[in-house]
Amino acid sequence: MATITECRGALDRLSDSLARADGDVRGAAALDRTLSCHITDLDTTFTGRLTDGRIRVDSTVAGPPPAKAQIRLAMTGDDLVAMVGGDLNFAKAWASGRVRLEAGFRDLLRLRSLL
């Protein structure tokens with residue numbers, strides 16, 4: 001089982017990848033939205049913002065997200081680490097229910113290029 005430190009590291013690596021992206025991916029990541037990532041097996045939530053093409057983690061809290069972020073992710077720590085490491089396809093994990101992504105319709109349309 002992935003640790004909180006490993007999950008935080010995976011989010012940092014994902015942020016770095018988004019910052020280096022170009023084209024459609026760069027455009028999709030250029031949103032300015034609140035973000036939460038609930039790690040279900042650790043019952044821990046990372047909260048922050050997707051802004052300027054990067055994920056900025058502001059806090060780590062125990063339990064589910066304390067407030068409704070504009071973009072909400074939920075998954076196990078192992079799935080987060082595997083997705084960022086390229087061992088788990090996000091679209092397949094989302095379609096199978098292993099990963100939950102909730103956002104407004106417009107944001108989902110923009111985020112689809114990240115899938």
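## Cavity lining

The residues that line the largest cavity of this predicted model comprise six nonpolar, two polar and two charged residues. They are Leu 11, Leu 35, Cys 37, Phe 46, Thr 47, Gly 48, Arg 49, Ile 55, Arg 56 and Val 57. Strand 1, strand 2 (44–51) and strand 3 (54–62) are the elements that each contribute two or more residues to this lining. Strand 2 provides the largest share, with four residues.

The volume of the largest cavity is about 40 Å³. The count of cavities of 30 Å³ or more comes to one.

Strand 4 spans residues 71–75 and is mostly covered, with five of its five residues buried. From this strand, Ile 71, Leu 73 and Met 75 point one way, whereas Arg 72 and Ala 74 point the other way; all are buried.

Strand 4 pairs with two strands, described here in turn. Strand 1 (residues 33–39) runs parallel to strand 4, and five bridges join them. Within this pairing, Ile 39 has Met 75 of strand 4 as its bridge partner. Strand 5 (residues 100–103) pairs with strand 4 in the antiparallel sense, over four bridges. Here the bridge partner of Leu 73 is Leu 101 in strand 5.

## Annotated region

An unreviewed UniProt entry lists residues 30–102 as "domain: SCP2". Over residues 30–102 the chain is 21% helix and 44% strand. The C-alpha atoms at the ends of this stretch lie 18 Å apart.

How values were computed:
Residues are numbered from 1 along each chain as its sequence is written. This is a predicted model: local features need pLDDT of at least 70, side-chain atom pairs count only at pLDDT 80 or more; totals for chains, interfaces and linings use all residues. Side-chain values use heavy atoms; hydrogens and water are left out. Buried means under 20% relative accessible area, exposed over 50%, partly exposed in between (1.4 Å probe, protein chains only). Two strands pair if DSSP finds at least two bridges between them. UniProt positions are given in the numbering used here, feature names are shortened, and annotations may be inferred rather than shown by experiment. On a 1 Å grid over the protein atoms alone, a cavity is a set of points where a 1.4 Å probe fits but cannot get out, and a pocket is an open set with protein on both sides within 12 Å along at least five of seven lines; lining residues have an atom within 4 Å of a point. Grid points are joined across faces, edges and corners, and a volume is the space filled by probe spheres set on the points. Ala, Val, Leu, Ile, Met, Phe, Trp, Tyr, Cys and Pro count as nonpolar, Asp, Glu, Lys and Arg as charged, and the others, Gly among them, as polar.
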